[in-house]
Amino acid sequence: MTQTSVVQRLVLPGTGFPVPEVLCVRLGKGSTIDRETERLMLPKGGTVSFDTFYNGLSPEAWKRMTVIDTLAFCLRGHGSFRLEVRLHRAGQPDLLLLGQEVRPESKDGVTTELPWAQINDGLLYIRLEALTDAVIDGGEFTTRTPAARDVRLGIVITHFNRKPYVLPAIRRIREGLLNCLDYADKISLIVVDNSQTLTPEETEGAILLPNRNLGGSGGFARGLLRLSDDGQYTHCLFMDDDASCGIESIRRAFVLQTFARNQELAIAGALLSETDPCLLLEKGATFTRGCARPLHFMRDMSRVDDLLATERTGEPPGYGAWWFFCFDIRKVRAFPFPFFVRGDDILFGLTNDFQIETLNGIACMGEDFRFKENPTTRYLGLRSALAIALMMPDVTRVQIVRMMLGWMLSSLISYNYGSAQAILNAIRDVMKGPSFWLADMDAALARAELAPLNAMEKLVPVSLPADFSVAADERESRFRRLTRIVTLNGFLLPGFLLRDGSPVTDEKSFHGTYSRIFRHRKVLYVCAPAGTGYVAVYDRKRFFRLLAAFLRIFFLFMLGESALRRSYRKALPDMTAKAFWRRIYPGSSA
C-alpha cells in the first residue's frame, strides 16, 4: 500500500492558540464553531469555505519549492456533504475544479484525489455544504509522493526573562510535536536560556542550555553550534521565546523541507499584528540601499485579493527574521555576527546561500515594531544597519549618507531628541571599528548610556476614548508642503507662528507625521491598542545643538568611510565563523 504524507492540516479556531475565525474559515448559513473541541457544526444547508490565510493552499508556491506531484484532501467528521474543490485566481472568476458528495463516517475520514497536475497558480481551497446536519472534526491535504529528504529538525528558542511566555510555548511544542509518534526522533527543542532562570523540570522535553547573555545573536549562535556539533540534525528553526505561532506552522515548515527541491530552501515565517491579527506586518524582507524593508506590509489577510498578492512571485526576500526562520544546517557558511540584537538576522540571510521563501499559513503574531520604537531600538537598528552597509559591496556612499541623514532628521523633526542622541551614539560606536563589537558583546555599556534617553520617550498610560482613532490628515497644499520643507518642518519659523495649547495627537511610529505636527509645540504620540503614550515638545535649541553634533560626526565618519569598509570586510569572515563562537562559548559542544 502506498504511504501517504500530510501536506497541510486544516487549522480550526481553538483555545490553545487563538486566531481570528476569518483567518481559518468562512462560515455561512448557520454554521458555527465550537472552539473548545475545535469542531465545525453545520446544519442541513450550512456551508463553510476554507479560502483563508491558514487553510487555502498555494499551488505555485508548493510546486516551486517541493517535488510533490500528487495531492488529495481527506475530510474527517460526520454527516453528508457536498465537497467542492475550487480555485481563486487574480482577476479571473472563481473556478470549480471538482464537486462530489462525501460521507466521512469512519475515523480515517474520506479522501478525494485532486487534479494536481492541472493546477499551477491561484489559491486552491475546499468548500463544503452540509446535505444533512453535520460535523467537521478536521481535514488535511495529503500526498503519495515519496519524501525527497530525511529531515531531522532542531528548534532553537533563545530565552531571556520571559518565563510566562516561554513555558507555555515549550508545553505546546512538547504536546503538539515532541510527544507525537509522527515526529519521534525527527524534531527536538533546544532552549538557550540567556537569563539562566529556567530549570530542567520547567523545560521537560527540551534540551536546556544555560547561556551567557550575548543577546539573540549569541543565543541563536549557541543553539546552532549545538545542532551542528551533534551531527544528527539536518535543519534548524530559529524561533522567538514566546513561540507565538501555531504548531501547524512548524509542521508545514517541516513538510516543506522534507519535500524540498533544493537543499538551499529556507522558510521565513510571516508576522501578523498582535493587535489586529488580520494585518500583515512582514512576509519576508529585503535589505536594499542600506535599509531593511518588510515585504507586503499592512496587507489584509482576511481578503482573498491580498492572499493572492502575497503569494505571487515578485521581489524575493533577502533575509528572514528570526521569529521564525527554518534552514538547512549544511548550507550555513556564516554564523551570526555578534550584534547582540537587531541586524543579526539580516546579515545571516545576506551571507548565506539560502533560497528564502515564504508561504501563507506559516506565521507568528507579534507586536508592531512601530509601537516598540524608542532610543534603544533606534541605536541598535542604526548601528547594525551601518555595519552591514559597510560590509556589503553593493551599498554605496550616497546610500549610507541618505541612511544616516534620514534616521537623524526623522527623529529631530519628530521632537524625539532622545532618539536623536541614540543615533549619534550608534554612529560613534560603528566608527570604532570591528573591535567595538568584541569589547561590548553584551551591550552593557551601550544600554547603560541609553537608559536616561529611553526615559525621555517612555510610554505611560494615557486617557483615551473607547472609540479613539487618529483622524486622517486633510489634503496638504503645495505651498504648505514647500513651507514645511524649507523651514525644516517649522524649526526655522519665528516663535509667534507656532501653536501653543493642547498637544496635537499623532500615532506612535518610527517618526511623527510631519504634516500633522507642523507648527505645534507639543505632540502626544499614542499607542492606542495599549492605551499608552508620551508628550514630545518642540525645542529649537536642542534641535540645532543635536544637528550640529550630527554634522560633526557625519563628517568624520565619511572621512574615514573607506578605511572602515576595509576593516569591517576584513573582520567579517572571522566574526561569523563557527570557530569564532567556539572561542566565545568554549566547552559548549555536544
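Predicted model: local features only at pLDDT ≥ 70, side-chain atom pairs only at ≥ 80, totals over all residues.
In soluble globular proteins, nonpolar side chains tend to be buried together. When neighbours within four places in sequence are left aside, Phe327 is in contact with a set of residues among which are Leu224, Phe238, Leu265, Val332, Phe348 and Phe354; Thr234, His235 and Gln257 are also among the contacts of Phe327.

Helix 8, which comprises residues 375–391, contains Ser384. The relative accessible area of Ser384 is 4%, and because residues under 20% count as buried, Ser384 is assigned to the buried class. A polar atom of the Ser384 side chain lies 3.1 Å from the backbone oxygen of Leu380. Beyond its neighbours within four places in sequence, Ser384 is in contact with Phe339, Arg342, Gly343 and Trp437.

Helix 9 (residues 397–413) has 17 residues, which at 1.5 Å a residue should span 24 Å, and the end C-alpha atoms of helix 9 are 24 Å apart, in agreement with that expectation. The buried residues of helix 9 are Gln399, Ile400, Met403, Met404, Trp407, Met408, Ser410, Ser411, Leu412 and Ile413. These buried residues pack against strand 20 (291–294) and against several helices, namely helix 8, helix 10 (417–430), helix 14 (514–517), helix 15 (540–559) and helix 16 (561–575). Helix 9 is followed by Tyr415, which has a positive phi near 70°.

Helix 16, one of the elements against which the buried residues of helix 9 pack, has 15 residues and reaches 20 Å from its first C-alpha to its last, a value close to the 21 Å expected at 1.5 Å a residue. Its buried residues are Glu561, Leu564, Arg565, Tyr568, Ala571, Leu572 and Met575. Because these residues cover an arc of only 150° around the axis, they are placed on the same side of helix 16. Arg566, Lys570 and Pro573 are exposed on the other side of helix 16.

Ile413, a buried residue of helix 9, is also among the contacts of Asn489 when neighbours within four places in sequence are left aside, the others being Arg484, Tyr514, Ile517 and Phe518. Asn489 is placed in the loop between helix 13 (478–486) and strand 26, and with a relative accessibility of 4% this residue counts as buried. A polar atom of the Asn489 side chain lies 3.1 Å from the backbone oxygen of Tyr514.

Strand 26 (504–507) and strand 25 (460–461) are the edge strands, each pairing on one side only, of an open sheet of four strands with the order 25-28-27-26 and mixed pairing. Within this arrangement, strand 27 (residues 522–527) and strand 28 (residues 532–537) run antiparallel and are joined by six bridges, and Val526 has Gly533 of strand 28 as its bridge partner.

A further set of pairings involves strand 4 (residues 39–42), which pairs with strand 3 (residues 32–34) in the antiparallel sense over three bridges, and with strand 11 (residues 134–143), likewise antiparallel and over three bridges. Strand 3 and strand 4 form a hairpin with four residues between them, and Glu38 in the turn has a positive phi of about 55°. Leu40 of strand 4 is the bridge partner of Ile33, while Leu42 stands opposite Ala134 in strand 11. In a regular strand the side chains alternate between the two faces of the sheet. In strand 4, Leu40 and Leu42 form the covered face, whereas Arg39 and Met41 form the uncovered one.

Positive phi values also occur in loops. Most residues other than glycine have a negative phi. Asn161, in the loop between strand 12 (153–159) and helix 2 (163–178), has a positive phi near 55°. Phe340, in the loop between strand 22 (324–328) and helix 6 (344–351), has a positive phi of about 80° although it is not a glycine. Phe340 has a relative accessibility of 9% and therefore counts as buried.

Note on methods: Residues numbered from 1 in each chain as written. Heavy atoms only, no water. Helix = DSSP H or I, 4+ residues; strand = E, 2+ residues; numbered from the N terminus. Buried < 20%, exposed > 50% of the residue type's maximum accessible area, 1.4 Å probe, protein only. Polar contact = N/O pair within 3.5 Å; in protein donor to acceptor, adjacent residues only side chain to side chain. Contact = heavy atoms within 4.5 Å. Expected span 1.5 Å × (residues − 1). Pairing = 2+ DSSP bridges. Arc of directions from axis to C-beta.
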